[in-house]
Amino acid sequence: MGSTTGLRVSSPLMIGRDEQARALVDFAATLREGEPRIALIAGRGGSGKTRLVTEAGARLRELRLRVLGGACLLMSTAGPPYLPLLTALRGGLPAEAPVLAALSGTRRVNRTQLFELIRLAVEGLARREPLILVMEDVHWADRATQDALLYLVGQATSGRWGLIATFRPEGRAAVGTAFVATLERRSALRLSLGTLSVDEVRAQAAAITGVRPSADEASLIYRRSGGIPLLVEEVVAAGTRDVPDHLRAMFLARVSALGEVVADVVGVCAVVDRGCDEDVIARILGRSVRQVREAAVTGVEWDLLIVDDHGYRIRHDLLKEAVYDALPPGHRRDLHGRVAQVLSRTSPQVPAELAHHWQRAGQAEESAEASLDAAASAERAQAPSAAHTHLQRVISLWPLLSDDLRERAGGNDEILRRAAVAAERDGAFAAAVALTEERITLDADRPLVWEQLARYRWQGGDGPGAQAAYEKAVEILPPDAPPEVQAKVLSGHAWFLGVSAQPERAAQLSDRALAAGAGIRDETVRWQVLLSWGIARLDRQEGLAALEEARRVAVSLDAGYEVAISDLWRNVSLRNLGRFRECEAVLTAGIRYVAAHGLGRSVEAALLYMVAELMLELGRWDEAAAAIDANRGRGVQGVPGYFTSGYRARLAAWRGQGDVLAEACAETSALAAAIPQQPLPRAIALLGQAESHLWAGRPEEGVPLADEALGHAGADPYCRADALATLVRAQADAAATSRMHGRTYMPELSVDEILRRVREWSIPDHDQICAFMATVRAEVERLNGSRDPSPWSDAVDAWLAGEDPYRLAYARWRLGWALLGRRSGRSAAAEQLELARETASALGAEPLRTAIDDLVKASRLHVGTAPGQAGPPALEAGLTSRELEVLPLLAAGRSNVEIAEILVISPRTVGVHVSRILHKLGASRRTEAADIARRTGLLDG
C-alpha cells in the first residue's frame with residue numbers, strides 16, 4: 001500500500017466497537033426504571049474510548065436523551081477542583097446557575113451545600129429528559145471531583161440519569177486508583193476495550209485510505225500498531241513501510257512536517273494542557289490571531305488537535321507527551337512562563353494552573369504566591385488533597401522566597417501546620433507526621449504541637465511514638481498555660497488513654513481537661529474535651545451524652561472531620577450499651593457527612609471497618625466484605641487498616657477461607673507490633689484462627705489461641721464475651737477428645753473461674769452479651785460431659801434476641817446435637833438443624849454447614865436435601881446405645897478385642913457393632929468413622 005501523505009488519518013467509521021456502543025444504548029434505556037446507574041469503559045491509551053462515547057452519545061441523543069460530558073486532565077492533581085463537572089454542567093445549564101458559580105469559585109458555599117447543588121442540578125436536568133453524564137479519563141480525576149461524583153451516585157434520589165466513565169486500567173495515577181475501584185464495585189455495566197483483530201485493523205485502514213490493504217500490508221500494520229486503533233491511524237498516516245521504530249519520533253515527524261507555526265501551536269497546546277482559544281495561543285506565541293487560527297485549523301484537519309467549546313487541545317495524550325518532552329528545556333520553561341503571564345491576565349481565577357506554570361517556568365516567587373491562593377481556595381472547598389499538594393509546593397520553594405512573601409504566608413510554621421492538617425484530612429498520615437516533626441525542629445517547647453504529632457502518629461499506626469509524644473506534651477505543659485492549651489493537651493492525652501484500654505486514667509485526665517476548659521469560647525477545643533470525656537466513659541449513658549453533645553458542636557461548625565469522629569465513637573458507645581440496633585443509622589450518617597468533606601481516605605476508613613463489624617454481627621456478610629474490600633482497595637494503613645485486617649480474618653474463618661485467613665492474620669500480627677496499645681484487632685484475628693482449628697477438629701491448637709485472644713480483649717465488653725465463649729467451646733471440644741481417648745482433661749480456665757466471669761461480665765440490658773453468656777453456660781455443660789438440651793435451648797432464645805444469625809445457627813446446631821441424645825428428641829433436632837443449615841448456607845458459613853450436614857448424615861435424619869447430596873436417607877434409627885458405647889473406643893483406635901474386654905462382650909459382637917456403625921455413618925474405614933464422629937459431635941458427652 002502506498003504513501004498516504006495528504007490524507008486524513010482518522011477513520012470515518014467506528015471499527016470493532018459497535019457491540020459496546022449497543023451495550024451503552026441498552027444501559028441508558030434502563031435509566032427510566034428509577035435508579036442511578038454507572039457504566040465503566042476501560043481501555044488503554046488510544047483504544048478508542050473517546051470515539052466510543054462520542055458515537056454512543058450521538059445515538060443516545062437520537063433517542064431523546066441529554067448527554068453532557070467532561071474530561072479529566074493529566075495535571076488534575078494540581079489543577080482547579082471540579083473542572084470536569086463544571087465543563088459538563090455548563091453544557092446543560094444557564095450561565096447564571098448557582099451550581100456553576102459555586103463550582104467555579106465565584107460563589108462561596110460549604111462542601112455539603114456544593115454537593116447538594118450538584119445533585120439538585122443533575123436531578124433537575126434529568127426530570128426534563130433522561131440524562132447521561134460522560135466523564136472521560138476518571139483515573140486522572142482530582143480528589144474533589146472524585147468526592148463529588150461519589151456523593152452524587154451515592155446520595156441521588158432520582159434515577160433518570162446515569163454516569164458513563166472511561167479510564168485506563170494500566171498505570172492509573174495514584175490519585176485515581178482507589179476511586180476507579182470504588183466505581184467498579186458500584187457499576188452496573190463494565191466494558192473493556194481490547195485491541196483490534198487483524199481483520200478489524202484491515203477494515204480501519206481501508207476506511208481511512210479508501211483502499212483495502214492486502215493481507216500482508218494489514219498484517220504489517222497490525223504488528224506495528226499492536227491493534228490499538230489510535231496507533232493504527234498513526235501507522236497508516238506515516239506509511240506502513242516507512243514507520244520509524246520509535247513511535248514518538250513518528251508523532252514528532254508528523255508535527256514538524258506541517259510547518260513551524262503549526263508546531264508552535266501544538267507545542268503551546270501541549271504546555272497549556274487544556275482547551276485554549278486562538279486569542280490565548282496568539283498572546284503566548286506573540287503571533288497574530290489569524291496565523292494561529294490557520295495553523296490550528298491545519299492541526300485539526302490533520303488530527304493533531306481537536307476543537308470544542310473550550311478551544312483547541314491535542315487529540316490524544318501520547319501525542320501530547322511526545323510533543324511536550326521534545327521541547328528544548330529552555331524553550332519549555334519560557335513557554336510555561338508566557339502561559340502563566342497570559343493566564344494571570346485572562347484567567348486569574350485559576351491559581352492552581354498559574355502555580356503549576358510558574359513552577360515549571362522556574363519562577364519560585366510567583367509559583368508560591370499562586371499556590372497559596374490555590375491552597376486557600378481548596379481549603380474553602382473542602383478539598384484536602386489539593387490543599388496538601390499546593391502547600392507542599394510552597395514548602396519546597398520556601399528557601400527561595402522573599403521575606404515579604406514569607407510574612408504574608410504566615411511564616412514557615414503556619415504553612416507546615418496547614419499542610420499537616422490537609423495531609424491528615426487526606427489520610428496521608430505519614431506526611432502529617434513528617435510535617436509536624438519539622439514544626440518541632442522550629443520550636444520544641446510547644447505542647448500543642450506535640451499533641452498534634454501524637455495524634456498523627458497514632459492514626460499512622462505508630463503506637464509507641466504516639467505515647468511518647470503525648471507524654472512529652474503533658475510534661476512540658478506549663479501550669480499557667482492558657483485554658484485552651486491545657487484543655488486541648490489534657491483531653492488529647494485522655495483520648496489516647498481511652499483508645500488504649502486505660503479507662504481509669506483516661507477518666508481522670510478528661511475530668512481535668514473538662515475543668516480546664518470550663519468557660520472557653522473556642523468550640524473546636526470544647527468539641528475535643530467533650531469527645532475525650534465521652535470516650536473515657538463509653539459504657540455509661542453520660543459518656544454517650546457527651547459524645548452526642550460533641551457531635552452537635554461539630555455540626556454547628558460544619559466540621560466534617562469532627563462530625564465523623566463523633567459518629568465513630570457514638571457507634572462504639574451504643575454497642576457497649578447494648579443499643580446496637582441504632583448503630584447502622586449512626587454509621588450511615590457519618591459516612592454521608594464525610595463524603596461531602598473529602599475525608600474518604602481518613603475518617604471514612606474507620607467508619608467502614610465499624611460497618612464491617614456491625615454487618616458481621618447482623619449476618620449481612622456480603623456487606624461486611626464490601627466494606628473490608630473498600631478499605632483494602634484504598635490501601636488503608638494505621639489503626640483503620642489494623643481493624644480491617646482483624647475483621648477480614650474473622651470473616652474468612654467463618655467462611656472457611658483458609659488462605660485469606662492466613663494472609664489477614666499475618667497482616668494483623670505485623671500491625672499489632674506497631675500498635676501495642678490497641679489489642680482488639682489482634683484479639684479478633686486470634687479468635688478467627690482459634691475457630692478455624694476447632695472446625696478442623698484440632699481443639700488442642702484452638703485453646704491457646706482463644707486464651708490469648710481473651711487476654712487481648714481487655715475491658716471491651718463485647719470482645720471479651722466473644723473470646724470467653726470461644727475459649728470455653730475450645731475447652732469443651734478438647735475435653736470430648738480426651739474422654740474419647742480415656743484421658744482426663746484439665747481446662748485452662750476452670751469451671752468455677754468461668755462461672756465467676758459470667759456473673760461479673762453479664763450486662764442485663766445488653767442482648768448480645770446476655771446471649772454470649774448463655775452460650776458460655778451451655779458450653780460449660782458440654783465441658784462437664786453433659787448433653788442436656790436445656791442450656792442450648794436457652795442459648796437459642798438468647799441469640800434470637802441478640803439478632804446474630806451466625807451465632808444463632810451455631811446454637812441451633814448444638815441444640816440439635818443435644819436433642820439427638822434423647823430418643824424422643826429426633827423430630828425437634830431435625831427442626832433445629834434444618835433452620836441452622838438454612839442460615840449457614842445463606843451466609844456462606846461453610847465450616848458450620850459442613851458440620852451440620854455431617855451430624856444429619858450420621859444421625860440418619862430427614863432434614864431436607866444437603867448440598868451435594870441426591871436426597872436424604874429414609875427415616876431410620878440412629879446409633880443404638882451400645883453402638884454409642886463402642887464408637888468412642890473405636891475412634892480412640894482400640895481393637896475389637898480391647899473393646900470387648902472393656903465392655904465385657906465378645907469380640908464377635910463388637911465386630912457386628914463396628915460394621916453397623918460404619919454403615920450408619922457412611923464410612924468405609926474405622927478412621928473415617930472416627931473423623932465423622934469427631935466433626936459431628938457424636939463423641940461429646
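User: In this predicted model, at roughly what angle do the axes of helix α45 and helix α46 cross, and is that parallel or perpendicular?

Analyst: Helix α45 covers residues 896-903 and helix α46 covers residues 907-921, and their axes come within 8 Å and cross at roughly 110°. Angles of 65 to 115 degrees count as roughly perpendicular, so the arrangement of α45 relative to α46 is roughly perpendicular.

User: Which residues meet where α45 touches α46, and how do they divide by class?

Analyst: From α45 the residues are Asn896, Ile899 and Ala900, and on the side of α46 they meet Pro907, Val910, Gly911 and Val914. Gly counts as polar in this scheme, and the residues of this contact divide into five nonpolar, two polar and no charged.

User: How do the axes of helix α44 and α46 lie, parallel or perpendicular?

Analyst: Helix α44 spans residues 881-891, and its axis comes within 10 Å of the axis of α46, with a crossing angle of roughly 90°. That angle makes α44, relative to α46, roughly perpendicular.

User: Which residues of α44 and α46 meet, and how many in that contact are charged?

Analyst: Arg882, Glu883, Val886, Leu887 and Leu890 in α44 meet His913, Val914, Arg916, Ile917, Lys920 and Leu921 in α46. Divided by class, the residues of this contact are six nonpolar and one polar, while the number of charged ones is four.

User: How many cavities of 30 Å³ or more are counted, and what volume has the largest?

Analyst: Rolling a probe the size of a water molecule over the atoms shows where empty space is left. The count of cavities of 30 Å³ or more comes to three, and the largest cavity has a volume of about 180 Å³.

User: Which residues are closest to the centre of the largest cavity, and which helix supplies the largest share of its lining?

Analyst: The largest cavity is lined by 13 residues, of which Glu691, Arg729, Thr775, Arg807 and Tyr810 are the closest to its centre. By class, its lining has five nonpolar, two polar and six charged residues. Helices α37 (717-740), α39 (767-783) and α41 (805-819) each supply at least two residues of this lining, and the largest share, four residues, comes from α37.

User: How far apart in space are Ala206 and Ser11, C-alpha to C-alpha?

Analyst: Ala206 lies in helix α8, which runs over residues 198-209, and, leaving aside neighbours within four places in sequence, Ala206 is in contact with Val211, Arg212 and Pro213. Ala206 and Ser11 are 195 residues apart in sequence, and their C-alpha to C-alpha distance in space is 8.6 Å.

User: What is the mean pLDDT of the protein, and over which residues is the pLDDT below 50?

Analyst: The mean pLDDT is 87, and 93% of the residues reach 70 or more. Where pLDDT is low, the predicted coordinates should not be read in detail. The pLDDT is below 50 over residues 1-8 and over residues 865-877.

Definitions and conventions
Residues are numbered from 1 along each chain as its sequence is written. This is a predicted model: local features need pLDDT of at least 70, side-chain atom pairs count only at pLDDT 80 or more; totals for chains, interfaces and linings use all residues. Side-chain values use heavy atoms; hydrogens and water are left out. pLDDT is the predictor's confidence in each residue, from 0 to 100. Contact means heavy atoms within 4.5 Å. Axes are lines fitted to C-alpha atoms, for helices over the stretch in contact, and angles run from 0 to 180 degrees between N-to-C directions. Angles under 35 degrees count as roughly parallel, over 145 as roughly antiparallel, 65 to 115 as roughly perpendicular and the rest as oblique. On a 1 Å grid over the protein atoms alone, a cavity is a set of points where a 1.4 Å probe fits but cannot get out, and a pocket is an open set with protein on both sides within 12 Å along at least five of seven lines; lining residues have an atom within 4 Å of a point. Grid points are joined across faces, edges and corners, and a volume is the space filled by probe spheres set on the points.
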